[in-house]
Every structure is written in C-alpha cells, then in structure tokens.
Amino acid sequence: MGAYCNDTVSFPPRYDVVSSRDKHIHDNLHGNIFIDSLSLKFIDTEQFQRLRELKQLGFTHLVYPGAVHSRFEHSLGVYWIASQSVEKLNSYQGMELGIDKFDIQSVKLAGLMHDVGHGPFSHLFEREFLPQVISGSNWSHEQMSVKMVDYIVEEHHIDIDPQMLKRVKEMILASSEFALPRSSSEKRFLYDIVANGRNGIDVDKFDYIARDCRACGLGCNFEFQRLMETMRVLDDEICYRAKDYLTIHKLFATRADLYRTVYTHPKVKAIELMVVDALVLANDYLQISSSIQDPAEYWKLDDSIIKTIETSPCPELKEARELILRIRRRNLYQFCNEYAVPRDIMDNFKKVTPHDIVCSQKNGGVMLKEEDVAVSNVKIDLTRGKDNPLESIHFFKDYESDEKFTIPDERISHLLPASCQDMIVRVYSKKPELVEKISEAFENYQLKTYGIKAQVHSTPTKKRRYNSCI
C-alpha cells in the first residue's frame, strides 16, 4: 500500500530506499526514521494506512489550523523513539540487562502498532460517542489495537514469532486497565518504554507532546532527548538522574498545558459536543458502532464518516447533517460560562448534567429543556489523577551509584503546584437565543451547590444580548 517516492517534501512522511531490506522515512519532527523489514510488512497494509485518515487531534484543527497531523505520523514517531530508547539501553547496559534482538524488535513493533486500533476524532469516539449509544461501554482503542495486530498478521500472512507477537500485545496494553499477564517476569523495564503503567513516562508522550506543540504553533520547553540520554535501568526499572527531576516535571506540566489550551479549548469542546450529537443521531441509520468488535469491518471506519453524513441526501440523516453544516458555517453551540470545581470537594465531585442546569432555572419566561443545554466536565491532571506522578518515579544520584530513590516535591522547589488535578465544568447553549437564560440557570446551580458563584465572572452582557437578538 505504501508508495515509495523520491521527492523532497518532508510532510507528510515519504519512503526512500536505504538498503535492500530497510527503508527510511523523513519525518518533520525526528528527521530520518529507519524502518526495518518486518515493521514495513505491517505499515504496508490497508489497516495501518487507515491511520492517515485519522487526525491526531480530531477537530482541533478547526481552532488551531495547523493541527492536521495524523495518527500515521505519530505512530511512526513512537516507533522511532521506542527504537532509539531500547537501542540506547542496549548500548549502555546491554550485557548487564541481557537485551537481545528479540527484545528490540518487540519494543519497536509495539511502538509502531500501539494506536492501530484507534477510533476517529481523537478520543471522542470511545469516551463521548460510544457510551451514549452502548450502555456501559468499556471499549478501548488499546484492546482494538491488539485485535487489529492479530488480524493484520492473519490477513497478510506476516511471518512473526508467536512469542514476539504475544510480547508486542502485552506492551501495547501495559498501561491500560486491560493489561495482559506478562509472558515473562524478566525485563519488566521493556514494558515501560511504549505505554508506561508504572509512572507515565513513555515514548508515546514524548512524541505527541512535541508533535502537537509544533503543529499548533506552541513552544515546547520539554526535551525528551535529555531523558533518553541519561536514563538507566536499576532493579528492572527505568530510572532517571536526580538532576533531571524538573525536566520530568516539565513533561507532565507541558501535557497539562496542552490539555487546557488545546485539547479542551472551549471552542474545540463545543465542536466536539456537536459532533457527538451528530454521530448519535446518525448511528441507527449508518450503524457506526456496529463494527467495534470486528477488525475486518472496523478498519474501514475513519474520520470520513463526517463527510458521509454531510453529503448524504438520505432523510434519515437530516438532523445529523444539519449539525455538521452548523459547524461548517461556524454556528456553534455557544459557550456560556465555566468554573473550576473547588479543591476541597473535588474528591466527591459528581459530574454536572443538563438536567442539573435545567432544574436550576428561575420560573418565568422561556422554559429550558435538557436538549437545549450541553455540559462538558473537563478533567486535567498530570496523568495520575489527584496523585503526583513524580512520586512513582525512581531516581539515582550518579552513574557510580546503584541506589534508587524517590524525591518529595518539597526537596526540590516550593514553587511546584500543590494540586495535581483540575476539574472544570463548562456549559453551552445549543441555541444562541438561550445563552442568557442558560447562563442564569448555571449561576443558580453554582449558588445552590456551593453557596457561591464559582465562576470567575458573569457571562458578558454583550454576549448575552447579541445572542438573544439573533
């Protein structure tokens, strides 16, 4: 499926001949990425090429126009950094750790295939859409990635060691709640490279943080290369120099900044709420959710489902089509206001629903209905919920020492955040003329729940009056 060409364009990636067995791709983030022959067999399948049709950041490009990069590029990037990581460990500690070619190839393939089962529109598909159409859905793209790897091997008759295949699938699921029993208790550190369930430092984050920052035109002061150069395995765990503590903190802080300013930007969330509503409306007719357990059908599902809805003349898709047209014409759900959940009640926080807002409206005038209101409960953390991920990371003093230890925050700086999690509640009006009414109901809800208006300021008068006159 992959086309091999000799042009000099660096974006999107291209293939060039390196040897009779290997190829290289020029990536706009990492430069030349060398691809081994076994990995190429997976890349050159229609199932992997599907990742070209999945934007890494879903609909973020409608707010940040440069964010049009795909899961394909990201997967190649993770493959390359995973390869570099395990090669560096092999170079520095290979004899001591017993790293062999089997280990190196397994890590590389896990990096390459970790997102091959991802759904359309970033995480919207599994976190927002599926729970609305399948009660109690716990479907995950990691599990589908594992199914897709098996399907590709069988469908394309790829000759791969069964034990290697098993190891690759274990590594893909290593940080998820569906982690498989390890085929070996040895070399546990290898499972922390691609998807680190132990402390969250992995090459998946290394790539998407750097790639997303570049695509959105944002600065990125986190340098993953420094960590890769200085990491060391102690007691079967990847550890880092104590002097790199703040570098690691920047990893998690940069990720949190991306969540706040990019991934959960108020207009991005408005668009996502509209897309979810459109997909739910279209699901019965298009059976969008029907293929999520069958790799043979699932690989045909990508971001183009939106174009299918938008251009279909079918009357069954009329309501969904109108929502997509509203997005095209920038007639979005209107952001009313937001507040950060007070820290002292965050542990017992219950998600706010449209029902909560509607029940808080005052009598008189237009009466709100639940279908008029959209609510987004946004959680932002440092990867470990309310816990500080750095407490799970082990450090070492220098290369002469074999002792590993954790470092409490207060030993480093008193400027580091005291809380590692934010919860933000945002309310939107699906109809512009209801912004004022919904804003008032939202304020009433805050007063009723917390005894204060938790929002920073009231909805601007100009916004209320402008929308009420439309």
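**Helices, strands and a few residues**

Modeller: Helix 3 (residues 71–97) lies across strand 4 and strand 5 (237–241), and runs at about 25 degrees to strand 4. Before we go on: this is a predicted model, where local features need pLDDT of at least 70 and side-chain atom pairs count only at pLDDT 80 or more, while totals for chains, interfaces and linings use all residues. Residues are numbered from 1 along each chain as its sequence is written, and side-chain values use heavy atoms, with hydrogens and water left out.

Biologist: Thanks! How are helices and strands numbered?
Modeller: They are DSSP runs, numbered from the N terminus: helices are H or I with at least four residues, strands are E with at least two.

Biologist: In what order do the four strands of the open sheet come?
Modeller: The order is 4-5-8-9, with mixed pairing. Two strands pair if DSSP finds at least two bridges between them.

Biologist: Which strands stand at the edges?
Modeller: Strand 4 (232–234) and strand 9 (404–405) do; each has a single partner strand, so one side of each is left without a neighbour in the sheet.

Biologist: How many bridges join strand 8 to strand 9?
Modeller: Two, and strand 8 (residues 395–396) runs antiparallel to strand 9. Phe-395 has Phe-405 of strand 9 as its bridge partner.

Biologist: Back to helix 3. At what angle does it pack with helix 4?
Modeller: About 155 degrees, with the axis of helix 3 lying 7 Å from that of helix 4 (residues 101–113). Axes here are lines fitted to C-alpha atoms, for helices over the stretch in contact, and angles run from 0 to 180 degrees between N-to-C directions. Helix 3 and helix 4 are therefore roughly antiparallel; angles under 35 degrees count as roughly parallel, over 145 as roughly antiparallel, 65 to 115 as roughly perpendicular and the rest as oblique.

Biologist: Which residues make that contact between helix 3 and helix 4?
Modeller: Among them are Leu-76, Tyr-79 and Val-86 of helix 3, and Ile-104, Val-107 and Leu-112 of helix 4. Contact means heavy atoms within 4.5 Å.

Biologist: New topic: is Asp-277 buried or exposed?
Modeller: Asp-277 is buried, with a relative accessible area of 18%. Buried means under 20% relative accessible area, exposed over 50% and partly exposed in between, using a 1.4 Å probe and protein chains only. Asp-277 belongs to helix 11 (residues 266–286).

Biologist: What does Asp-277 touch?
Modeller: Leu-323, Tyr-333 and Lys-430, not counting residues up to four places away in sequence. The side chains of Asp-277 and Lys-430 are joined by a polar contact of 3.1 Å. A polar contact is a pair of N or O atoms within 3.5 Å; within protein, one must be able to donate a hydrogen and the other to accept it, and residues adjacent in sequence count only if both atoms are side-chain atoms.

Biologist: And where is Gln-446?
Modeller: Gln-446 is in helix 16 (residues 435–450), and is buried at 0% relative accessible area.

Biologist: Last one: how many residues of strand 10 are buried?
Modeller: Eight of the nine in strand 10 (residues 421–429). Six bridges join strand 10 to strand 6 (residues 334–340), and these strands run antiparallel. Nine bridges join strand 10 to strand 7 (residues 373–381), again antiparallel. Asp-381 stands opposite Gln-421 in strand 10.
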